[in-house]
Amino acid sequence: MVGSPNSGKTTLFNALTGLRARVGNYPGVTVERREGDATIDGHRVRVIDLPGTYSLKPLSPDEAVVSRVIRGEIADVPPPDGIVITLDACTIERSLALVAEALALGLPACVVVTMTDELRARGGELNLARLGTALGVPVVGVVGHRGLGLSELRRLLPHPHQWSRPPVPPPQGREDRRTWVASVLAAALVARPGRSATTEAIDRVVLHPVLGTLLFAAVMVFFFQLIFAWATPAMDAIDAALAAAADAARAVLPAGVLADFVADGVIAGVGSVVVFLPQILLLFTLLYFLEDVGYMARAAFVVDRAMGRIGLEGRAFVALLSSYACAVPGIMATRTIPSATQRLVTMLVAPLMTCSARLPVYALLIGAFVPAKQVFGPLGLQGLALLGLYVLGALGAFAAAAILGRTLVKADAMPFYLELPPYRMPPAKLVASQVWGAASRFLRRAGTIILAVSILLWALLTFPRVEAPAHLDEKQAAAYALEHSAGGRIGHALEPAIAPLGFDWKIGIGLVASLAAREVIVSTLAQIYSASGEDEAGLRAALANDRNRETGERIYTPGTVAALLVFFVFALQCTSTIATLARETNSWRWPAFAFVYLLALAYGASFVAYRLVNALNA
């Protein structure tokens with residue numbers, strides 16, 4: 001399946017395959033492939049959803065893969081039996097150039113015209129029979145999300161060798177092709193669609209230099225407010241269920257190492273991250289809804305002015321926006337950037353955009369130390385604090401891009417255009433499938449990386465077992481054993497390096513563990529406080545009440561909390577991101593550079609935050 005971005009290709013793919021997509025990369029390149037099987041009249045048809053493209057003459061790595069796949073130039077990927085080209089009925093004039101390039105390849109091809117309902121609603125009319133005659137290939141009109149026209153397309157798919165072909169391929173010269181496009185339109189386009197009065201009215205506000213910027217800010221405030229306000233009941237329910245599961249494990253298993261392992265190592269470790277699933281679901285639901293409804297493209301347009309001032313173009317914003325979900329797809333999304341230098345700069349700053357892995361850390365610390373009070377109408381202090389951290393990450397990314405683009409990696413300018421799709425209400429099924437995909441990845445991460453690290457940490461925090469002095473009570477004995485475990489000794493060894501940031505040895509263990517994945521610090525702290533017998537009232541309460549045993553002072557002062565939050569805003573603590581950077585740059589030099597410069601930035605910014613907040617509270 002080939003088509004321009006926003007042509008309805010993915011909706012059609014989901015309708016054909018029943019959302020049974022497998023996701024992977026092409027051999028030797030990291031461009032994502034989605035493929036799924038459709039069984040039609042006993043025939044199994046494998047459908048491959050290629051990245052959106054405007055041309056088969058590639059400018060970017062994504063477009064290059066599309067061209068190579070349909071030409072059969074990628075090893076281990078068989079050439080396609082046929083090409084399904086999707087066209088948006090409302091923008092068909094722009095897409096016919098891609099049709100001409102595809103038909104010139106000589107492969108069996110059929111054309112699927114999408115958004116035909118929207119074309120009619122806007123007063124347009126397209127004669128599909130005449131379009132098929134003009135192109136010389138089968139043409140099917142569909143409305144993907146309502147299933148209209150799918151049965152006709154299904155009948156075609158198993159028999160590409162029977163599809164009609166154009167007697168003469170379309171011309172490839174620019175002027176001749178322009179004439180060819182005009183002749184096809186003259187034959188098939190009965191009436192052009194009128195302008196959407198609704199879209200134009202909304203865009204007068206959304207794209208306005210001042211109103212659009214204010215709206216963008218309002219959307220972001222609303223976005224983060226909802227994440228905190230709506231997720232709390234579900235989080236409390238999950239937290240209670242996990243506590244009950246830990247109690248049940250201790251009740252069923254004989255007291256000893258096995259019960260401690262299941263309750264403190266597995267349930268407390270993995271559960272402390274899983275409890276943030278409702279906030280992750282809300283984050284992705286809002287992100288996907290705003291993207292599918294057409295707002296994100298407008299947001300890119302609004303922010304493009306600011307991007308231009310730091311030397312990056314709008315395509316970089318789209319990649320950075322993807323990094324809000326996860327830096328890995330964000331870095332992979334830079335393949336749409338034609339300029340190699342702009343692509344490299346974008347990859348180097350993408351980890352600064354606040355990914356979903358940071359959300360459990362922010363939610364834990366904000367929930368524990370920022371009062372849940374309203375500051376203006378429905379706006380709460382916790383939501384604003386979360387928004388502030390996201391803004392700080394974005395400002396850090398912009399500043400780093402400006403500096404890198406003018407010094408180490410001088411970015412060159414390339415022409416940029418951005419298509420603004422009409423506003424469309426996405427089908428609930430599509431949004432649900434996207435959110436479920438993101439939630440599945442989060443849960444897989446909890447069940448693999450975080451589980452593995454939790455088990456390792458439990459072992460480090462449990463062994464060697466040390467006999468506590470007889471005069472200590474139960475809690476003091478547990479804390480004594482923890483401090484003298486292998487993990488405790490590692491934490492104490494790190495303490496001199498992190499003490500200037502206000503961090504103690506427990507936070508030090510969490511920082512080391514979070515190098516695997518940021519949210520691991522939450523499971524690490526959960527295990528530490530569980531092992532020390534101080535988590536009876538929950539992890540948040542344990543953090544808030546933790547005190548230095550010698551001085552009696554609180555461990556988590558306002559300065560310490562601010563420094564820890566700022567550290568997580570800037571530090572690159574994600575092995576998956578580092579590995580992706582290495583793959584995309586085909587080198588370990590740039591991932592090493594990114595890790596070092598972001599660590600130095602995190603340390604320096606945390607130090608400043610600690611001193612500044614302490615001075616303000618003095």
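Tutor: First, a convention: Lys and Arg count as positive and Asp and Glu as negative, while His and the chain ends are not counted. The place of a charge is NZ of Lys, CZ of Arg, CG of Asp or CD of Glu. This is a predicted model, where local features need pLDDT of at least 70, side-chain atom pairs count only at pLDDT 80 or more, and totals for chains, interfaces and linings use all residues. Residues are numbered from 1 along each chain as its sequence is written, and side-chain values use heavy atoms, with hydrogens and water left out.

Student: How far apart are the mean positions of the positive and negative charges of the chain?

Tutor: The chain has 52 positive and 46 negative charges.

Student: How many salt bridges does a search of the whole structure find?

Tutor: The criterion is a side-chain nitrogen of Lys or Arg within 4 Å of a carboxyl oxygen of Asp or Glu. Applied to the whole structure, the search gives 12.

Student: How many residues apart in sequence are the parts that Lys-9 and Asp-49 tie together?

Tutor: Lys-9 and Asp-49 form a salt bridge, with the closest N and O atoms 2.7 Å apart. Lys-9 lies in helix α1 (residues 9-17) and Asp-49 in strand β4 (residues 43-49), so the parts tied together are separated in sequence by 40 residues.

Student: Is Glu-35 buried or exposed?

Tutor: Glu-35 forms a salt bridge with Arg-46, the closest N and O atoms being 3.7 Å apart. Buried means under 20% relative accessible area, exposed over 50%, and partly exposed in between (1.4 Å probe, protein chains only). At 11% relative accessible area, Glu-35 is buried.

Student: Which residues are linked with Glu-35 in a network of salt bridges?

Tutor: Arg-46, the partner of Glu-35, is partly exposed at 43% relative accessible area. The network joins Glu-35 with Asp-37, Arg-44 and Arg-46.

Conventions:
Helix = DSSP H or I, 4+ residues; strand = E, 2+ residues; numbered from the N terminus.
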